[in-house]
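Hi everyone, thanks for coming.

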Amino acid sequence: MTDRSDHLEDPTPLTDATAGSTHSGFVAILGKPNVGKSTLLNTLLGVKVAPITPKPQTTRRGVRGIYTHEDHQLVFVDTPGLHHQGRSELDSYMRREIRDAVADVDVVLWVTDLRHPPTREDRDVARMLHNLPEATRVILVGNKLDAARYPEEALSLYKELYPEAERVLALSALNDPKAVYALRDDLMEALPEAPFFFPPDIRSDQTREQWVAEIVRESAMLHLRQELPYSVAVLVVDWQDPPEGSDEPIVITAEIWVEKTGHRRIVIGKGGTMIREIGRTARKQLEIFLDERVFLELEVVVKSAWREDREALRELGYEV
Ligand SMILES: Nc1nc2c(ncn2[C@@H]2O[C@H](COP(=O)(O)OP(=O)(O)OP(=O)(O)O)[C@@H](O)[C@H]2O)c(=O)[nH]1
Ligand SMILES: [Mg+2]
């Protein structure tokens with residue numbers, strides 16, 4: 001990942017709209033949990049911006065991923081999976097992130113899982129689509145085509161939930177990047193004339209610390225079982241770049257927050273085995289994307305009920 005820039009809050013246009021030389025627009029990626037929204041975002045961008053795990057509710061923030069090619073800029077907004085359980089401050093934050101993400105975009109990519117027919121959660125998403133502003137274009141993306149036994153049947157059931165979709169397509173975000181790039185090209189072609197909202201070399205609106213925290217959280221979610229992953233948060237507390245020209249690693253210190261002492265014991269594991277595994281998986285990812293050696297220091301901290309604590313949520317970068 002090349003983006004090491006600061007978080008861009010509430011971006012204001014960078015180019016002169018009257019010049020009329022640039023095209024840009026916002027595309028939200030919407031769908032129920034675990035259908036492959038973040039996978040699609042990462043493939044669209046060609047870099048890993050968002051965390052991916054086989055577990056639902058991986059994404060918490062409406063992460064923006066930016067793709068710029070010449071005078072065209074697409075701003076994708078990944079969203080948390082739409083779900084209605086959960087009454088914590090964190091859950092309502094996630095639902096707000098979804099609402100905000102789709103409120104003012106040019107296109108919504110509605111991602112569905114072709115391995116299965118629609119569920120109640122898909123119908124909830126369709127209801128949301130019906131409430132979008134009229135000008136919003138909706139594209140139904142049937143994902144996981146590679147693993148679907150009856151993709152055509154599934155896709156037509158999804159289509160019935162929202163017949164107004166301007167386009168319907170089936171693809172595999174994970175295994176068929178060419179199909180994803182074709183979709184990206186089509187989105188580019190349809191972009192309205194508008195100023196760029198991000199500098200052309202920016203890939204995401206996350207700070208580098210938020211991005212590292214997500215990689216560590218992804219690793220923790222992959223290694224931990226059952227309900228525990230959902231009560232884990234990660235905060236990067238220190239980042240030391242080595243002196244120029246030295247072959248020392250980058251030293252990153254992160255806290256893994258859990259809600260109970262018992263959870264802390266699980267995350268550390270017997271003789272520290274679990275925390276070492278979490279660290280190893282995360283470090284490998286970081287070294288690939290940063291293209292530098294990384295020393296990752298992890299500390300497990302008990303923060304009871306952090307999901308209810310607005311101050312704690314803000315510290316994590318969730319703007320409650
Ligand atoms: N077979 C197959 N698996 C996929 C595909 N796309 C995503 N997956 C898998 O589906 C799981 C969920 O992917 P995510 O990208 O995290 O899904 P998400 O919709 O962002 O999930 P939440 O953030 O939890 O809402 C992961 O295990 C992915 O590897 C695909 O095209 N084919
Ligand atoms: Mg996600």
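Quick housekeeping. This is a predicted model, so local features need pLDDT of at least 70 and side-chain atom pairs count only at pLDDT 80 or more, while totals for chains, interfaces and linings use all residues. Residues are numbered from 1 along each chain as its sequence is written, with chains lettered from A and ligands numbered from 1 in the order in which they are written.

Okay, the overall fold. The chain has 9 helices and 9 strands; those are DSSP runs, helices being H or I with at least four residues and strands E with at least two, numbered from the N terminus. The C-alpha trace spans about 55 × 45 × 35 Å along its principal axes. The radius of gyration is 20 Å, which agrees with the value near 20 Å for a compact globule of 320 residues. That radius is taken over C-alpha atoms, and the globule rule is 2.2 Å times the number of residues to the power 0.38.

On to the domains, whose bounds come from an automatic or database assignment. Domain 1 is 17–189 and domain 2 is 208–315, and their centres, over C-alpha atoms, are 27 Å apart. Where they meet, 11 residues of domain 1 are in contact with 13 of domain 2. Contact here means C-beta atoms, placed from the backbone, within 7 Å. On the domain 1 side that's 4 nonpolar, 4 polar and 3 charged residues. For those classes, Ala, Val, Leu, Ile, Met, Phe, Trp, Tyr, Cys and Pro count as nonpolar, Asp, Glu, Lys and Arg as charged, and the others, Gly among them, as polar.

Leaving aside neighbours within four places in sequence, Ala-254 is in contact with residues including Val-212, Val-236 and Leu-298.

Now the ligand. Ligand 1 has 25 residues around it, the closest being Gly-36, Ser-38, Thr-59, Gly-81 and Leu-174; a residue counts as near if its C-beta atom, placed from the backbone, lies within 6 Å. By class, the shell has 9 nonpolar, 13 polar and 3 charged residues. Helix H1 (residues 37–45) gives the most, with 3 residues.

Last, two loop residues. Asn-34 sits between strand E1 (23–30) and H1, and its phi is positive, near 75 degrees, though it isn't a glycine. Lys-144, in the loop between strand E5 (137–143) and helix H4 (151–161), also isn't a glycine and has a positive phi of about 65 degrees. Which of these is buried, and which partly exposed? Lys-144 is buried, with 23 other C-beta atoms within 10 Å, whereas Asn-34 has 19 and is partly exposed.

That's it from me, thanks.

Note on methods: Two residues are in contact if their C-beta atoms, placed from the backbone, lie within 7 Å. A residue is buried if 20 or more other C-beta atoms lie within 10 Å of its own, exposed if 12 or fewer, and partly exposed in between; C-beta atoms are placed from the backbone.
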